[in-house]
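Visitor: Can you take me through this one? I'd like to begin with the ligand, then get to the helices and cores.

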Amino acid sequence: MSESGRLRIAVQKSGRLSDDSIALLKAIGIKLNIRDRLLIAHSTNQPIDLLRVRDDDIPGLVMDGVVDIGFIGENELEEKMLERQAANKPSEFEVLRRLDYGGCRLSIAVPKEASYTGIGSLEKKRVATTYPYLLERYFAEQKVNAKAVMLTGSVEVAPRAGVADAICDLVSTGATLEANGLVEKDVIFRSKAVLIQRADGELSDAKSTLINRLIPRIDGVMQAKE
Ligand code: PRT
Ligand code: ZN
């Protein structure tokens, strides 16, 4: 599908990474005609098409070679990579650049009245999360026998709802945890947005040349902001 001559770039359609990713593409000189409802946006001055999708879909689109490059949070990227490895699906990609936005951490938090003396306190407990593979990997590394309970939303209310004893969720300011009576205990993963490319050697020369022209411009934009 991406064998057309145009470079295909995946970005989050609507969410925390959308504006910064689009702003970066515009800052490096790519003119885009984005219409809100449409999945695809064509550049008017470069052989580039933008695929606007949910962030969850971006790692797979890159790893399956449906798009050539994509903007994604490292948390989502790592989770999907682990999930695909477990399912024996292609999970290769290359990180072109770590970007200067989308910063957050994936942390374990417990109700403020809970006694917690370290990760061992979660032994035999249930922990609600949207990132079960990252969390299970952490439990295995820490040799803790706890259970990740998958929730795609409202993770922060799970302890109050009696669904879990603790949570593992993304944190940036900490306001959401605080508002839900939760206290951050262990950071298990630190994340920023990254620009990734499908497995090396699968791009046409023209696309590689175009990417090689875009990357120094991204570096220039990031340096100018420092
Ligand atoms: O619809 P779609 O699936 O595309 O979007 P989404 O709802 O899955 O993702 P979105 O837009 O919320 O987040 C996209 C990416 O932004 C994440 O995968 C992270 O890489 C990054 N990011 C950075 C964050 C945050 N900061 C963040 N604070 N993603 C989510 N949050 C949430 C967190 O889950 C919690 O609910 O914000 C709340 C906590 O924020 P604070 O400031 O109260 O601590
Ligand atoms: Zn998502």
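Visitor: Where does ligand 1 lie relative to domain 1 and domain 2?

Guide: Ligand 1 lies between them, because domain 1 (7–102 + 192–225) and domain 2 (104–190) both give residues to its shell. The domain bounds come from an automatic or database domain assignment. This is a predicted model: local features need pLDDT of at least 70 and side-chain atom pairs count only at pLDDT 80 or more, while totals for chains, interfaces and linings use all residues. Residues are numbered from 1 along each chain as its sequence is written, and chains are lettered from A and ligands numbered from 1 in the order in which they are written.

Visitor: How many residues surround the ligand, and which are closest?

Guide: The shell has 21 residues, and Gly-15, Gly-73, Cys-104, Thr-173 and Thr-176 are the closest. A residue is near the ligand if its C-beta atom, placed from the backbone, lies within 6 Å of it.

Visitor: How do the shell residues divide by type?

Guide: They are 5 nonpolar, 10 polar and 6 charged. Ala, Val, Leu, Ile, Met, Phe, Trp, Tyr, Cys and Pro count as nonpolar, Asp, Glu, Lys and Arg as charged, and the others, Gly among them, as polar.

Visitor: Back to the domains. How far apart are their C-alpha centres?

Guide: The centres of domain 1 and domain 2 are 29 Å apart. As for direct contacts, 6 residues of domain 1 meet 8 residues of domain 2; a contact means C-beta atoms, placed from the backbone, within 7 Å. The side of domain 1 that touches domain 2 has 1 nonpolar, 2 polar and 3 charged residues.

Visitor: Helices next. Which residues of helix 4 are buried?

Guide: In helix 4 (132–142), the buried residues are Leu-134, Leu-135, Tyr-138 and Phe-139. Buried means 20 or more other C-beta atoms within 10 Å of the residue's own, exposed means 12 or fewer, and partly exposed is in between, with C-beta atoms placed from the backbone.

Visitor: How wide an arc do those buried residues fall within?

Guide: They fall within an arc of 135° seen down the axis of helix 4, so they line one face of the helix. The arc is that of the directions from the helix axis to the C-beta atoms. On the other side of helix 4, Ala-140 and Glu-141 are exposed.

Visitor: What covers the buried residues of helix 4?

Guide: The cover includes helix 3, strand 6, strand 7, strand 8, strand 9 and strand 10 (182–191).

Visitor: And what comes just after helix 4?

Guide: Lys-143, with a positive phi of about 55°, although it is not a glycine. Lys-143 is in the loop between helix 4 and strand 8 (147–150) and counts as exposed, with 9 C-beta neighbours inside 10 Å.

Visitor: What about Lys-124, buried or exposed?

Guide: Exposed, with 9 other C-beta atoms within 10 Å. Lys-124 has a positive phi of about 65° without being a glycine, and is found in the loop between strand 6 (104–111) and strand 7 (126–129).

Visitor: Which residues are buried in helix 1?

Guide: In helix 1 (residues 18–27) they are Ser-21, Leu-24 and Leu-25. They cover an arc of only 100° around the axis, which puts them on the same side of helix 1. Strand 1 (7–12), strand 4 (69–73) and helix 6 (205–225) are among what covers them.

Visitor: Now the cores. Which residues touch the most other members in the largest nonpolar core?

Guide: Of its 24 residues, Ile-9, Ala-10, Val-62, Val-67, Phe-71, Ile-72 and Ile-196 do. A second, separate core of 22 residues includes Phe-139, Ala-158, Leu-182 and Ile-188. A nonpolar core is a set of buried Ala, Val, Leu, Ile, Met, Phe, Trp, Tyr and Cys residues joined through C-beta atoms within 7 Å.

Visitor: Which residues does Ile-9 touch?

Guide: Not counting residues up to four places away in sequence, Ile-9 touches Ile-48, Leu-50, Leu-51, Val-67, Asp-68, Ile-69 and Gly-70.

Key: Helix = DSSP H or I, 4+ residues; strand = E, 2+ residues; numbered from the N terminus. Contact = placed C-beta atoms within 7 Å.
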